[in-house]
Amino acid sequence: MHDHIAIQEQDFSLTQEYQALREANLQDGAIVTFSGTVRDLNQGKRIQSLTLEHYPAMTLKCLQQIVAEARNRWQLGRVRIIHRVGRLALGDQIVFVGVSSRHRGDAFAACEFIMDYLKTRAPFWKKEQTGNGEHWVEAKAEDQRKADAWK
Amino acid sequence: MIRVLFFARLREVLGCESLELPCDFYDLGGLRQALMARGPDWQEFLAPGTSLGAVNQTLAKDDVPLQDGDEVAFFPPVTGG
């Protein structure tokens with residue numbers, strides 16, 4: 001399988017990730033990538049930074065299961081997922097999902113599916129730092145609705 | 001024995017990162033009920049729907065059976081991505 005799944009503190013390069021999806025890959029005519037970044041305003045609060053915690057023994061296993069499920073649903077070539085953990089500043093990249101496929105329909109759908117499942121199943125938790133201290137981010141019902149829509 | 005782990009807000013409010021318990025529980029729900037009896041914070045924050053459970057690093061419903069040697073985790077709804 002052409003899967004790359006990484007949980008890491010360090011930043012990643014979109015250029016390198018795109019290249020890894022494209023290089024010596026002549027059978028796939030579509031590459032879809034998503035990257036998520038740290039926003040300044042979340043759920044009405046002005047954010048200064050955030051800290052990402054995870055459950056290391058489970059995280060990789062969970063993401064592998066999500067990719068396996070995506071591969072069952074669509075014809076996919078390469079799949080790459082990177083999720084950062086630790087302390088992140090405003091504007092920093094948090095997450096990357098990249099998918100290659102023969103045609104764009106499968107690549108678009110799989111990329112969104114992986115993000116929707118990652119957001120509701122993978123054991124990551126965000127804690128936000130603001131001018132008034134810090135707090136854990138609450139899960140959003142909208143994220144659960146999006147994930148449920150794939151059932 | 002089973003190992004029980006707590007993450008994120010749950011770890012903070014319970015003041016507990018992990019426990020080692022004899023495996024006297026038929027399933028995840030049985031363990032959850034026993035832990036909820038430990039005090040008001042445990043009662044509130046471990047309630048079904050408030051925290052998720054995992055058995056051996058896979059998300060699990062309360063009817064998943066437990067066996068000696070299992071690793072169980074409880075945590076709040078996830079917020080990554």
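**Entry 1: chain A, helix on sheet**

I started with helix α2 of chain A, which lies across β1 and β6 of chain A and runs at about 150 degrees to β1(A). For my own bookkeeping, "lies across" rests on contact, meaning heavy atoms within 4.5 Å. The angles run from 0 to 180 degrees between N-to-C directions, with axes fitted to C-alpha atoms, for helices over the stretch in contact. Helices (H or I, at least four residues) and strands (E, at least two) are DSSP runs, numbered from the N terminus.

Next I looked at helix α3 (residues 104-121) of chain A, which packs on the sheet and touches β2, β6 and β8 (93-101) of chain A. The direction of α3 makes about 150 degrees with that of β8(A).

A note on what I'm looking at: this is a predicted model, where local features need pLDDT of at least 70 and side-chain atom pairs count only at pLDDT 80 or more, while totals for chains, interfaces and linings use all residues. Residues are numbered from 1 along each chain as its sequence is written, chains are lettered from A and ligands numbered from 1 in the order in which they are written, and side-chain values use heavy atoms, with hydrogens and water left out.

**Entry 2: the chain A sheet**

I traced the strand order as β1-β6-β8-β2 in chain A, an open sheet of four strands with mixed pairing. Two strands count as paired if DSSP finds at least two bridges between them. The edges are β1 (3-8) and β2 (30-37) of chain A, each of which pairs on one side only. Neighbouring strands in this sheet are turned by 5 degrees against each other on average, direction ignored.

I then checked β1(A) against β6 (residues 79-84) of chain A: they run parallel and are joined by six bridges. Within that pair, I7(A) stands opposite H83(A).

**Entry 3: salt bridges**

How many salt bridges are there over all chains? My search of the whole structure gives 12, taking a salt bridge as a side-chain nitrogen of Lys or Arg within 4 Å of a carboxyl oxygen of Asp or Glu.

I picked R71(A) and D3(A), whose side chains meet at 2.6 Å, N to O. R71(A) is in helix α2 of chain A and D3(A) in strand β1 of chain A, 68 residues apart. R71(A) is buried at 17% relative accessible area, whereas D3(A) is partly exposed at 33%. The classes I use are buried under 20% relative accessible area, exposed over 50% and partly exposed in between (1.4 Å probe, protein chains only).

In chain B I looked at R32(B) and D62(B), a salt bridge with its closest N and O atoms 3.1 Å apart. R32(B) lies in helix α2 (residues 28-36) of chain B and D62(B) in the loop between β4 and β5 of chain B, so the pair ties together parts that are 30 residues apart in sequence. R32(B) is buried at 3% relative accessibility; D62(B) is partly exposed at 24%.

I also noted a salt-bridge network that links K127(A), E134(A) and E12(B).

**Entry 4: the chain B sheet**

Five strands of chain B form an open sheet, in the order β2-β1-β5-β3-β4 with mixed pairing. β2 (18-21) and β4 (58-60) of chain B are the edges with a single partner strand each, so one side of each has no neighbour in the sheet.

β1 (residues 2-6) and β5 (residues 71-75) of chain B run parallel, with four bridges between them. R3(B) has E71(B) as its bridge partner in β5(B). R3(B) also forms a salt bridge with E20(B), closest N and O atoms 3.5 Å apart.

I went back to helix α2 (residues 56-73) of chain A, and found that it also lies across β3 (52-55), β4 and β5 of chain B, at about 85 degrees to β4(B).

**Entry 5: D70(B)**

D70(B) sits in the loop between β4 and β5 of chain B. Beyond four places in sequence, the contacts of D70(B) include M1(B), I2(B) and P65(B).
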